[in-house]
Amino acid sequence: MSELKPKLTANHLIFEDNDPQEELVTLNLGPTHPATHGVFQNVLQIDGERIVSGVSTIGYIHRAFEKIAEHRPYYQITPLTDRLNYCSSPINNMGWHMTVEKLLDIEIPKRVQYMRVIIMELARIADHIICNGILGVDTGAFSGFLYVMQEREFIYEIFEEICGARLTTNIGRIGGFERDFNAIAFDKIKAFVKRYPPILREFEELFNRNRIFIDRTSGVAAVDPETALSYSWSGPLLRATGIDYDVRAHEPYSSYEDFDFDIPVGENGDVYDRYMVRNEEMRQSIRIIAQALEKLENEPKGVFHADVPEFYLPPKEMVYNNMEALIYHFKIVMGEIDPPKKEVYHAVEGANGELGFYLISDGGRSPYRLHFRRPSFINYQMYAPMSSGMLLSDAIINMSSLNVIAGELDA
Amino acid sequence: MAKLDHETLLGSLHQQFGDKINKLEGAFGLLTIETSKDTIIEVLRYLKMAPELQFIYLTDITAVHYPTHDLSMAVVYHVHSLVNQTRIRIKVFLDGMKPEIPSATVLWAGANWMERETYDFFGVIFTGHPDLRRILNVDDMDVFPMRKEYPLEDPNRVDKKDFFFGR
């Protein structure tokens, strides 16, 4: 057993030297304040309405996924990734599958890759809808939220048609999908691609040139690119500062190189730019989905997984009637597959930024070590330092535009 | 700009640091090098500042525990050159009983929470870190839970034993 013991720092006061004479007030923003969009706390020292300093306290829904993952076979880790960024869990699922496929060196058919692209872009839209919708609510405009929230419902219906679940989707398997998209799913995707752009335009008309919205967001929490890079920001937040880093373009995965799309960048890195970048990304996502649907027409029908029987769970009816399928089923479930003793880092462009999976395999049934590079965790650490000097109401807007998802923050 | 190939990158690092860095095998398409805790900050600084490399983006810091190795704690850095679209992985092996390594917060402000997380789960002491406290676990926890000697759940539990498959 280890001799290594941590220094106990239990329950210290964060602001011990708070002198009431100086009229600074300690305010607990969270853990369950409605404006925090999740379970995390900020202890702020405020002078009137201005924040003097702040300390973020996180970990309220830490569930030790990295430890659990060391004891789960590869295919049982997918449900854990669902619960990272639960607003866009398909991206996490696909990222995890692609990491394992990279480790096992599985070649995925083009049709499956395009189907994955559709799913991931739908998830990105769903995530950005929540972020921008809630940003509207926090600035005092409730109706825009209702316009787009209905569209998120349609996206969830598509997910439901594909995999049966809505929020924690557990979509796909290592090697492809568990079943083909059915005709209803394709119809719903096509209908969504058609109906969403006008709705988005309507949503933007409510905000983009709205005097109140611009006053509340423009110039608030502006971040320059150097600071953003130094804090390892990624995703829409980094792009809003003017740096065009997008994993989809830098290191294309799942055949993103076949698609034609733009990477929107902002100029000032303020809340308004982040809002605009997210809106434009939704439009680009629709563009990608439309292209993917077109490309799917030219791919052989009915292919929904790679031909890797030793890693891809066979369908249940095959298991009952076919000996090979039974053997493979048994081998996969009992962890008799032999992954190479190597390590992989695979990154996907999550809705909040670069979502990385660092997987070390020792050849066993479960990972030796799995680390999630969670964009929310890394983006959020700048929140307290950047809040100093800000008005309390601006800090709320800033938090909502960071789009910190508590599940991803705490893992 | 085109990707930096591994030979150029490794050659440039060898020229600067000689045999203080070693190449490690077993990574997919990612150059993995090993260095010591005395040179790690200099290696990171060189990677970040050298005009032809420009690894300006710190992707991640984490650790891995290998209880059977002599140097049982590996701190792993992933650094990314956005200009050259190249990633590199740097490992430093430390004594598992006394893991101490200089903090990378002098180079990247964002290393702060990544190092706090690594400290929280593995007990790696980052010297020079401005605020090395636990981050995700409770303050009064007295173990570093991601180290391999701590089991996921109580191994003496019998209600979950599966006698047929030896789990």
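Chain A splits into domain 1 (20-57) and domain 2 (65-410), with bounds that come from an automatic or database domain assignment. This is a predicted model, so to speak of local features a pLDDT of at least 70 is needed, side-chain atom pairs count only at pLDDT 80 or more, and totals for chains, interfaces and linings use all residues. Residues are numbered from 1 along each chain as its sequence is written, while chains are lettered from A and ligands numbered from 1 in the order in which they are written.

Taken over C-alpha atoms, the centres of domain 1 and domain 2 of chain A are 31 Å apart. The contact between them takes 16 residues from domain 1 of chain A and 19 residues from domain 2 of chain A; two residues are in contact if their C-beta atoms, placed from the backbone, lie within 7 Å. On the domain 1 side, E2 and E3 of chain A each supply at least two residues. Here helices (H or I, at least four residues) and strands (E, at least two) are DSSP runs, numbered from the N terminus. E3(A) gives the largest share of that side, 7 residues. Sorted by class, the domain 1 side that touches domain 2 of chain A holds 7 nonpolar, 7 polar and 2 charged residues. For this sorting, Ala, Val, Leu, Ile, Met, Phe, Trp, Tyr, Cys and Pro count as nonpolar, Asp, Glu, Lys and Arg as charged, and the others, Gly among them, as polar.

As for the strands themselves, E1 (residues 25-29) of chain A pairs with E2(A) in the antiparallel sense over 5 bridges, where pairing takes at least two DSSP bridges between the strands. In this pair, A:Thr26 sits opposite A:Gln45 of E2(A). E2(A) also pairs with strand E3 (residues 50-57) of chain A, again in the antiparallel sense, over 7 bridges, and A:Asn42 has A:Ser56 of E3(A) as its bridge partner. The hairpin of E2(A) and E3(A) has 2 residues between the strands, and A:Gly48 takes a positive phi near 65° there. Side chains in a regular strand alternate between the two faces of the sheet. In strand E2 (residues 41-47) of chain A, the covered face has A:Asn42, A:Leu44 and A:Ile46, and the uncovered one has A:Gln41, A:Val43, A:Gln45 and A:Asp47.

Now for the inside. The largest nonpolar core has 150 residues, and A:Ile118, A:Leu122, B:Val75 and B:Val79 touch the most other members. Such a core is a set of buried Ala, Val, Leu, Ile, Met, Phe, Trp, Tyr and Cys residues joined through C-beta atoms within 7 Å. Helix H4 (residues 110-138) of chain A provides the largest share of this core, 15 residues, and both domain 1 (20-57) and domain 2 (65-410) of chain A put in at least three residues each. On the chain B side, B:Val75 touches B:Ile61, B:Ala63, B:Val92, B:Leu94, B:Ile101, B:Thr118 and B:Val124, leaving aside residues up to four places away in sequence.

A:Met94 lies in helix H3 (residues 89-104) of chain A. A:Met94 counts as buried because it has 25 C-beta neighbours inside 10 Å; the cut-offs are 20 or more other C-beta atoms within 10 Å for buried, 12 or fewer for exposed, and in between for partly exposed, with C-beta atoms placed from the backbone. Not counting residues up to four places away in sequence, A:Met94 touches A:Arg116, A:Ile119, A:Met120, A:Gly172, A:Ser254 and A:Val348. A:Met94 and A:Arg116 are 22 residues apart along the chain, with 7.1 Å between their C-alpha atoms.

Between the chains, 42 residues of chain A are in contact with 36 residues of chain B. Elements giving two or more residues to the chain A side include helix H1 (65-69), helix H8 (225-230) and strand E5 (354-360) of chain A. E5(A) gives the most, with 4 residues. By class, this side of chain A has 18 nonpolar, 12 polar and 12 charged residues.

A:Asn403 is in the loop between helix H16 (392-402) and helix H17 (406-410) of chain A, and is buried, with 29 other C-beta atoms within 10 Å. B:Gln85 is in the loop between strand E4 (73-81) and strand E5 (86-94) of chain B, and counts as partly exposed, with 15 C-beta neighbours inside 10 Å.
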